[in-house]
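Please keep the sequence and the structure open while reading.

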Amino acid sequence: MHYDFKKVEEKWQKHWQKTHAFRAQADPKRKKYYLLEMFPYPSGKIHMGHVRNYTIGDVASRFKTLEGYNVMHPMGFDAFGQPAENAAIKNKTKPGDWTRKCIKEMETELKKMGFSYDWEREVSTCQSDYYQWNQWIFLKMLERGLAYRKASQVNWCPSCATTLANEEVIEGGCWRCHTKVEQKDLEQWYLKITEYKERLLEDLSQLKDWPPRVLAMQNNWIGKSSGVDIYFRLENSDKLISVFTTRVDTIFGATYIVLAPEHPLVLDLIKGTRQEKEALEFIKKVASESKIVRAASDVKKEGVFTGSFAINPVNNEKVPVWIADYVLMEYGTGAIMAVPTHDGRDFLFAKEHKLPMRIVISPKDGSLKSAEELTQAYEGNGVQINSGEFNGLDNREAKTKIAQWMEARGIGKIQTHWRLRDWLISRQRYWGTPIPVIYCPACGIVPVPCQDLPIELPADAPFTGEGGSPLGKVKKFVEVKCPKCKANARRETDTMATFFDSSWYFLRFCSPKFKAGPFDVNEAKYWMTVDQYIGGIEHAILHLLYSRFFTKFFQDLKMVDFSEPFDKLLTQGMVLKDGEVMSKSRGNIVDPDSMIKNYGADALRLFILFAAPPETELEWEERGLEGAYKFLNRVWRIQENLKDDADPQVLKALHRTIKKVGADFSEFKFNTAIASLMELTNVIYQSGADKQVFSALIIMLSPIVPHFAEELWQILGHKESIFKTGWPKYDPQLLIEEKVELVIQVNGKLRSKIEVPCGISEDKLKELVFKDEKLAPWLEGKTPKKFILVPQKLVNIVI
RNA sequence: GGGCGGAUGGCGAAAUUGGCAGACGCGAUAGCCUUAGGAGCUAUUGGGGCAACCCUUGGAGGUUCAAAUCCUCUUCCGCCCACCA
């Protein structure tokens, strides 16, 4: 006899929808719980990664509901982006139509999984009632100088025909299509995220419930690095070259300096020198190379001498000035002092070009004899040598002393450099939020007045796939009057990067229909912050950093009174098949929909939670899914054989399980919670159970297998949804054991076990232990040296 | 090169945070039931040994009465960042 999962699941999905079972309403009298999973891009089909992410969230959400919280659990769609445009070109549809169709399909699939979303709060970022607030936020940022336009070298994906943010360049390729990224000079819109760098870094310490891994990645990305800017004066000139170093302790070993090929001084330096031609050729060559090729670490370090010299300010030594490809203009000052003896890159370069070296840090063991014998740079710590008045100091101590000494003499400045760059947000694409700006020949860049929002995306743009953004070809979109002087003007045709859309959607969910602003401040006050956020590790840098940035911006606008949006973060592991990530290109996709058809959504949910802890990778195993299905049938059969009473052993087991499962659920340890529930089921299967024990079992199962639990709950005679009952309470009295089994070790090895009353005194226990026959052969003729007792657990006799 | 994680049976994994290693499940083996089994039930299942026992958490040391867990060294794997000065 099998339970009819198809009928049961459909029945309860309809019931939940009809009764608005998951509608969330702010209620100041109740404690809220905001549970959020990262909303998906609507590709049309859900994949196992979605199933896993959203199942974890759903169990947490339903568990919190059972615990009595006022839970908000919303869902929406991150609906702008390139795939819609590609589909439009390919299938001769409109991106909007394609996206809306995909959203419909995806909603259906999510509903089939039985997720407890408040669908009345659904948002789609491609709808103007959402994206007009992107425009509003942009204008606020523009007003505060946080959005600006700048011409610079940008990452350009030739395949997508658009610019990319640094964060969107993965291993030198476009994050979407993996095409090799090129460099291009363009005028683009940026957000000044660097204005928030200190806060973004400092506030990481508030995030105690984030995975350390994510914190480390964010920390790395912001990349604060402290050191000293040192001023080298050019020989026969007043011009200064500023170099940045984190190893000022090695300054006396600086035997040459190196400029990035793009450094503004370079052209002056080489002008009229013998090396001019060679240098110009080199600069040209580097410029044509992408950053990516340049960054490949095994590439030989190339460079040319400028013909000029500079003066090392600490010892007035004359050092040659070089240009090399391994120095980057974007970082620090675009110039370095080279210390070949104590920096690996400088070492390689110096060897290649036969440049001088001098050891200035001597390791404690004195193993460094002479620079000539070095086969690699020594980057460790040691004692200062050849360093003037600093000789003999530990280099770490010298670092501070030299820095202060240089500052005092005006030859250097203690300085901090950051890795974080401003965020390039404009895209030469159609399917995104139009940037609300107008270019007027007379007034220049004119922001669209707030009352003119939204700037709607025209639905009838021509999709040919050629010649850049189709927006530029829509006359009635482009040709506008200047809001200031009413002259003929041109509308911005770039759209926003989609990461803009997702940087504040968690706030919109608090009041998704709000018309007077991006969100209702009062609703946000009640619901925010997000108590638990769940999503993939792939968003550890981009999305999470941007969301943190936006939140701080809203804090500055006094629209929220907190600085971090997400209290707890859980990054779920990937779903693998045969040890590899499931992907279309590998052809190893398992379609959730067919699994639902064969085993039901409940079995799928159960399996995916049981197979591994949420954070780790999960190996897909259809046999395991079958096992989950068998387990549900086993529980179903118990219901057909309920007794009038349960014996004390079963009751004890039940209360132990209630305690364990409650604790496990709170910590997202679903795999062990399920193991405990299976153990309890085994006990019940052996000894039988009454209605009460069985009820408790299915309440505990309900967050995991909600349809199954609702159905059994109804069969037991209840009229209300199982989620209206509370989480069962355990009776501490029942957890107290009278007797306990003690492990007896001799010299740390297990030799016997005895059962003793719980409150037994140590003397009594000793007596019992030494009477134990099993121990006799081990203790014979030996005198116990020590008797170690771990109460309720074990005894270890040392002989 | 830097950072962060990992490594436990044939497989996915547990281990109250230093106290019985392998819970729970998958798979396997044997038996029962069945017209049948991709159903159900019972038993066994880390390795060696007839047994008493011995061995076993990637490897080598160490601390401890006691180590999967702590320390040192080492090998391999994964992820992130990366000519970042």
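A residue counts as buried under 20% relative accessible area, as exposed over 50% and as partly exposed in between, with a 1.4 Å probe and protein chains only. By this definition Asn 316 is exposed, with a relative accessible area of 60%.

This is a predicted model, in which local features need pLDDT of at least 70 and side-chain atom pairs count only at pLDDT 80 or more, while totals for chains, interfaces and linings use all residues. Residues are numbered from 1 along each chain as its sequence is written, chains are lettered from A and ligands numbered from 1 in the order in which they are written, and side-chain values use heavy atoms, with hydrogens and water left out.

**Overall layout**

Chain A has 799 residues, of which 54% count as buried. Its C-alpha trace spans about 105 × 90 × 50 Å along the principal axes. The secondary structure comes to 27 helices and 32 strands; these are DSSP runs numbered from the N terminus, with helices being H or I of at least four residues and strands being E of at least two. Contact means heavy atoms within 4.5 Å. Among the contacts in chain A with a separation of 6 or more, 72% are between residues 24 or more positions apart.

Asn 316 sits in the loop between β11 (303-312) and β12 (317-324). From Asn 316 to Phe 519 the C-alpha to C-alpha distance is 62 Å, and the two are 203 residues apart in sequence.

**Buried helices**

Helix α24 (residues 706-715) is largely enclosed by the rest of the structure, because eight of its ten residues are buried. Those eight are Pro 706, His 707, Phe 708, Ala 709, Glu 710, Glu 711, Leu 712 and Trp 713. The cover over them includes α1 (5-18), α2 (48-66), α19 (601-610), α20 (622-639) and α23 (691-701). Just after α24, Gly 717 has a positive phi of about 105°.

Helix α19 is itself mostly covered, with nine of its ten residues buried. Among them are Asp 602 and Arg 605, along with Leu 604, Phe 607 and Ile 608.

**Aromatic rings**

Rings of Phe, Tyr and Trp (its six-membered ring) pair if their centres lie within 6.5 Å; planes under 30 degrees apart count as stacked, over 60 as edge-to-face and the rest as tilted. The count comes to 49 aromatic pairs. Phe 305 and Phe 309 form an edge-to-face pair, because their planes are at 70° and their centres 5.5 Å apart. Phe 305 counts as buried at 19% relative accessibility, whereas Phe 309 is partly exposed at 25%.

Phe 506 and Phe 566 also make an edge-to-face pair, with centres 4.8 Å apart and planes at 70°. Phe 506 lies in helix α15 (residues 505-508) and Phe 566 in strand β25 (residues 566-572), so this pair ties together parts that are 60 residues apart in sequence. Both Phe 506 and Phe 566 are buried. Elsewhere, ring pairs link Tyr 196, Trp 423, Phe 499, Phe 500, Tyr 546, Phe 549 and Phe 550 into a cluster.

A charge sits over a ring if NZ of Lys or CZ of Arg is within 6 Å of the ring centre and within 35 degrees of the ring normal. Arg 419 has its charged end over the ring of Trp 221, 4.3 Å from the centre. The charged end of Arg 62 is over the ring of Trp 16, at 4.5 Å from the centre.

**Around Ser 116**

Arg 62 is also one of the residues that Ser 116 touches, including Phe 22 and Ser 61, when residues up to four places away in sequence are not counted. Ser 116 is found in the loop between α4 (95-112) and α5 (128-143) and counts as buried at 3% relative accessibility. A polar contact is a pair of N or O atoms within 3.5 Å; within protein, one must be able to donate a hydrogen and the other to accept it, and residues adjacent in sequence count only if both atoms are side-chain atoms. The side chain of Ser 116 makes such contacts with the side chains of Asp 58 (2.6 Å) and His 73 (3.1 Å).

**RNA strand B**

A residue is near the strand if one of its heavy atoms lies within 4 Å of it. Of the 49 residues around RNA strand B, Thr 246, Lys 301, Tyr 331, Arg 345 and Ala 611 come nearest.

| Residue | Protein atom | Atom of RNA strand B | Distance |
|---|---|---|---|
| Tyr 331 | polar backbone atom | base nitrogen | 2.9 Å |
| Arg 751 | side-chain N or O atom | phosphate oxygen | 3.3 Å |
| Lys 753 | polar side-chain atom | base oxygen | 2.5 Å |
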